[in-house]
Amino acid sequence: MKKRTFLKSILASSLLLGSLSISMNASAALFGKSDNEKVKIGFLVKQPEEPWFQTEWTFADKAGADYGFEVIKIAVPDGEKTLNAIDTIAASGAKGFVICTPDPKLGSAIIAKAKGYDLKVITVDDQFLNAKGEPMEDVPLVMMAATDIGRRQGEELYKEMQKRKWDIAETAVMAITADELDTARRRVHGSIESLTKLGFPAEKIYRVPTKTNDIPGALDAANSLLVQHPEVKKWLIVGMNDNTVLGGVRATEGQGFNADNVIAIGINGTDAKNELAKEKPTGFYGSLLPSPDVHGYHTAELLYKWITKGEAPNPTHLEVSDVVLLTRENYKKELEKKGL
């Protein structure tokens with residue numbers, strides 16, 4: 001009789017433990033992950049072939065290694081691929097994603113789709129715009145301090161012009177613009193603001209819009225400007241990134257200008273390496289290198305803490321203003337520091 005009671009006791013305990021185990025597994029499935037499953041986040045970028053975004057991915061992976069989460073990296077060069085990528089991210093079990101959108105005007109569609117899957121979103125580099133074209137202030141954002149970086153671009157140009165003792169009377173500024181993109185508009189505006197404050201004549205700053213933010217688009221824009229101002233003997237060139245500035249440099253070369261009468265400073269650094277490595281100097285004097293490492297690591301870190309601890313990014317907008325001027329003398333050392 002005692003033996004039978006003992007066996008019943010063991011059976012009851014086994015059933016109780018089994019029920020508890022099922023309950024715990026069900027809770028894990030309901031509330032997120034099992035103990036041995038890593039948190040997953042997405043990291044979506046518009047131009048994965050660009051060194052800038054490759055560096056962001058590399059440092060997002062480093063954050064994942066440090067904190068123990070997995071980064072799912074997807075290229076999103078257009079709107080359709082962006083929305084499809086969100087489906088993929090959700091299906092993978094990720095709880096959120098970082099994105100550099102191919103078009104800021106996709107902001108409302110991206111957020112609507114993310115909310116449908118209960119995914120947290122942090123945007124990096126470019127701010128989302130709503131259907132009316134207004135900034136979506138409630139979406140967490142990590143970006144370059146565009147205006148400050150533009151101001152630095154103008155300051156460095158003016159400093160180099162003074163170093164060369166150029167005559168302002170025969171000098172003009174070529175400002176290659178893309179005002180429909182907020183980041184581009186603020187960078188160029190900041191540069192022009194600095195130049196005028198330092199004493200460069202506003203009437204000799206010529207703005208010319210580019211259809212595309214790459215070398216061919218900027219080359220076409222710059223050529224049209226050069227034809228209009230044959231009286232200018234020396235050019236300072238500003239633009240929103242390295243490639244727009246390089247387009248301006250290529251245009252001046254085509255019109256007979258050389259490194260002695262052109263000073264151009266880009267922004268990004270990652271696209272400037274080949275130009276700065278040329279044996280013979282060109283009009284491309286240097287580039288301002290921001291912090292793709294910070295953007296990649298910090299956004300991934302912020303998203304992970306938001307997912308696991310409920311700590312929403314605070315402040316909602318973080319502008320990173322750390323930049324270094326790359327020139328022919330220091331670019332190798334400075335790029336190595338960033339893992340580039």
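## The capped start of helix α7

Asp 214 caps the N-terminal end of helix α7, with a side-chain oxygen placed 2.9 Å from the backbone nitrogen of Gly 217. This contact belongs to a predicted model.

Helix α7 comprises 14 residues, 215-228. From the first C-alpha to the last, α7 reaches 20 Å, close to the 20 Å expected at 1.5 Å a residue.

Six residues of α7 are listed here by name: Gly 217, Ala 218, Ala 221, Ala 222, Leu 225 and Leu 226 are buried. They lie on the same side of α7, because the arc that they cover around the axis is only 160°. In general, residues three or four places apart in an α-helix point the same way, because there are 3.6 residues a turn.

The cover over the buried residues of α7 includes the strands β6 (171-177), β7 (205-209) and β8 (234-238), together with helix α8 (242-254). On the other side of α7, Pro 216, Asp 220 and Val 227 are exposed.

## Salt bridges between separate elements

The structure holds 19 salt bridges. One of them joins Lys 73 to Asp 61, whose closest N and O atoms are 2.9 Å apart. Lys 73 belongs to strand β2 (residues 69-75) and Asp 61 to helix α2 (residues 51-67), so this pair ties together parts that are 12 residues apart in sequence. Lys 73 is partly exposed, with a relative accessible area of 35%, and Asp 61 is partly exposed at 33%.

Arg 207 forms a salt bridge with Asp 179, and here the closest N and O atoms are 2.9 Å apart. The pair links distant parts of the chain, 28 residues apart: Arg 207 is in strand β7, while Asp 179 is in the loop between β6 and α6 (182-197). Arg 207 has a relative accessible area of 43% and is partly exposed; Asp 179, at 37%, also counts as partly exposed. Strand β7, which holds Arg 207, is also among the elements that cover the buried residues of α7.

Within helix α8, Glu 253 and Arg 250 are separated by about one helical turn, because they are 3 residues apart. Their side chains meet in a salt bridge of 2.8 Å, N to O. Glu 253 counts as partly exposed at 32% relative accessibility, and Arg 250 counts as partly exposed at 23%.

A network of salt bridges links Asp 182, Arg 185, Arg 186 and Glu 319.

Conventions: Residues are numbered from 1 along each chain as its sequence is written. This is a predicted model: local features need pLDDT of at least 70, side-chain atom pairs count only at pLDDT 80 or more; totals for chains, interfaces and linings use all residues. Side-chain values use heavy atoms; hydrogens and water are left out. Helices (H or I, at least four residues) and strands (E, at least two) are DSSP runs, numbered from the N terminus. The expected span of a helix is 1.5 Å times one less than its number of residues. Buried means under 20% relative accessible area, exposed over 50%, partly exposed in between (1.4 Å probe, protein chains only). The arc is that of the directions from the helix axis to the C-beta atoms. Contact means heavy atoms within 4.5 Å. A polar contact is a pair of N or O atoms within 3.5 Å; within protein, one must be able to donate a hydrogen and the other to accept it, and residues adjacent in sequence count only if both atoms are side-chain atoms. A salt bridge is a side-chain nitrogen of Lys or Arg within 4 Å of a carboxyl oxygen of Asp or Glu.
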